[in-house]
Amino acid sequence: MKKKNNIKILLAEDNLVNQKVAYNLLSEEGYHVVIANNGHEVLNLLKKEPFDLILMDIQMPEMSGMEATQAIRTQEQETGKHIPIIAVTAHAMKGDREKCIEAGMDDYISKPVNPKQLYDVIKNFYSDTATKEASNESYDHGMVMERVGGDETLMREIVNIFVEESPVLLNEIEGAINLKDAKKLERSAHSLKGSVSNFSAKKAYDVAYQLEKMGHQGKVDDAQKVFKNLEKEIETLTRELCSHI
Ligand code: MN
C-alpha cells in the first residue's frame with residue numbers, strides 16, 4: 001500500500017482561508033500537498049512534477065477549475081494517463097455534479113469541506129493508485145471490506161447485486177453500440193463504472209470510463225473493441241469477487 005506521505009495532492013484553490021484549512025486537513029492526515037492558486041498554476045505544476053490527485057476548486061481567477069480540467073483531459077488523450085480530479089465547489093447547486101463530471105472530473109465535494117468526506121473521497125482514489133502498482137488483483141478486497149465495515153454478509157449482498165446487475169448493464173452497453181446510440185452508451189457505461197467503483201476495481205473502472213467517454217464524444221464506431229475488453233474485465237472481476245465470498 002502506498003503510504004500517505006507518498007501521495008502527492010495538488011490543491012487548486014484561490015481563497016487563502018480555504019487553502020489554509022484544506023492544507024492543514026490534508027497535512028494532518030499525512031498527505032504531501034502542493035498549492036496552486038488558479039488553473040494556469042495547475043497546468044504549470046503538472047508539467048514539472050507528477051501528482052497522484054488534484055483537488056480542484058471550480059471558481060478561480062484567470063483559469064477556472066473547469067477549464068483546467070478540460071485542458072488536462074485533452075492532454076491525457078495523447079498520453080493515455082488519467083489523474084483523478086475531485087471538484088470542490090461552494091455552490092451545492094443541483095446539476096453541479098453533472099457539470100463537473102461532464103468537464104472530466106471524477107468526483108465532487110462541496111464547500112465548506114467536511115473533513116471525513118474529504119478523506120473518504122481521496123482514499124477512494126489513492127488506494128486504487130496503490131493497488132494498481134502492487135497487485136494483479138482485479139479489485140481491492142481490503143478496501144471493499146473496509147468500506148462495508150468488515151460486514152461479510154453485506155459484502156456477499158453487494159457482490160450478489162453486482163452479479164445480477166452487471167450482465168444487464170453489459171447488455172445495455174452492447175445494445176447502445178449496435179444501435180450507435182452515443183447517449184445511451186455514455187449513460188450505461190457510466191452506471192457500470194459506478195457499480196465497479198464500489199469494489200475499487202481499477203481495470204474494469206478504466207475500461208468502463210473509456211466507453212463512457214466514447215459515448216460522450218459520439219465515437220461509437222470504435223467502441224466494439226473496447227467493449228470486448230470490458231466484458232473480459234467484468235468476467236474476471238466477477239470470478240474473483242465470487243471466489244472471495
Ligand atoms: Mn475559488
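**Briefing on a predicted single-chain model**

Thr 89 counts as buried, because its relative accessibility is 4%, below the 20% limit for that class. This residue is found in strand β4, which covers residues 85–89. The structure described here is a predicted model. The chain contains 10 helices and five strands, and the structure holds 13 salt bridges.

**The chain as a whole**

- A compact globule of 245 residues would have a radius of gyration near 18 Å, and the chain agrees with this, having 18 Å.
- The C-alpha trace spans about 50 × 40 × 35 Å along the principal axes of the chain.
- Of the 245 residues in the chain, 47% are buried.
- The chain exposes about 12800 Å², and 50% of this area is supplied by carbon and sulfur atoms.
- When contacts between residues at least 6 apart in sequence are considered, 62% of them join residues at least 24 apart.

- Strand β1 is largely enclosed by the rest of the structure, because five of its five residues are buried.
- The burial applies to both faces of β1: Lys 8, Leu 10 and Ala 12 are buried on one side, and Ile 9 and Leu 11 are buried on the other.
- β1 runs parallel to strand β2 (residues 32–36), and five bridges join the two.
- Within that pairing, Lys 8 has His 32 of β2 as its bridge partner.
- Together with helix α1, the strands β1 and β2 make a right-handed β-α-β unit.
- β1 also runs parallel to strand β3 (residues 53–57), to which four bridges join it.
- In this second pairing, Ile 9 stands opposite Leu 53 of β3.

**Salt bridges**

- Side chains of opposite charge can pair when their charged atoms come close.
- Lys 111 and Glu 13 meet through their side chains in a salt bridge, with an N to O distance of 3.0 Å.
- Lys 111 lies in the loop between β5 (107–110) and α5 (115–134), while Glu 13 lies in the loop between β1 (8–12) and α1 (16–28), so this pair ties together parts that are 98 residues apart in sequence.
- Lys 111 and Glu 13 are both buried.
- A further salt bridge brings together the side chains of Lys 123 and Glu 146, at 2.4 Å from N to O.
- This pair links distant parts of the chain, with Lys 123 in helix α5 and Glu 146 in helix α6 (residues 141–147), 23 residues apart.
- Lys 123 counts as partly exposed because its relative accessibility is 26%, a value between the 20% and 50% limits.
- Glu 146 is also partly exposed, and its relative accessible area is 45%.
- Glu 212 and Lys 193 form another salt bridge, in which the closest N and O atoms are 2.9 Å apart.
- Here too the pair links distant parts of the chain: Glu 212 belongs to helix α9 (residues 202–216) and Lys 193 to helix α8 (residues 182–197), 19 residues apart.
- Both Glu 212 and Lys 193 are buried.

**The surroundings of Thr 89**

- Apart from its neighbours within four places in sequence, Thr 89 is in contact with Ile 58, Asp 96, Tyr 108, Ile 109, Ser 110 and Lys 111.
- One of these contacts, Lys 111, is the residue that forms a salt bridge with Glu 13.

- Val 159 lies in helix α7, which covers residues 152–178.
- Val 159 counts as buried, with a relative accessibility of 0%.
- Although Val 159 and Cys 242 are 83 residues apart in sequence, their C-alpha atoms are 7.3 Å apart in space.
- Leaving out neighbours within four places in sequence, the contacts of Val 159 are Phe 199, Leu 241, Cys 242 and Ile 245.

Technical notes:
Residues are numbered from 1 along each chain as its sequence is written. This is a predicted model: local features need pLDDT of at least 70, side-chain atom pairs count only at pLDDT 80 or more; totals for chains, interfaces and linings use all residues. Side-chain values use heavy atoms; hydrogens and water are left out. A salt bridge is a side-chain nitrogen of Lys or Arg within 4 Å of a carboxyl oxygen of Asp or Glu. Buried means under 20% relative accessible area, exposed over 50%, partly exposed in between (1.4 Å probe, protein chains only). Two strands pair if DSSP finds at least two bridges between them. A crossover is right-handed if, with the strands pointing away from the viewer, the path from the first strand over the helix to the second runs clockwise. The radius of gyration is taken over C-alpha atoms; the globule rule is 2.2 Å times the number of residues to the power 0.38. Contact means heavy atoms within 4.5 Å. Accessible areas come from the Shrake-Rupley method with a 1.4 Å probe; for residues, only the protein chains shown count as cover.
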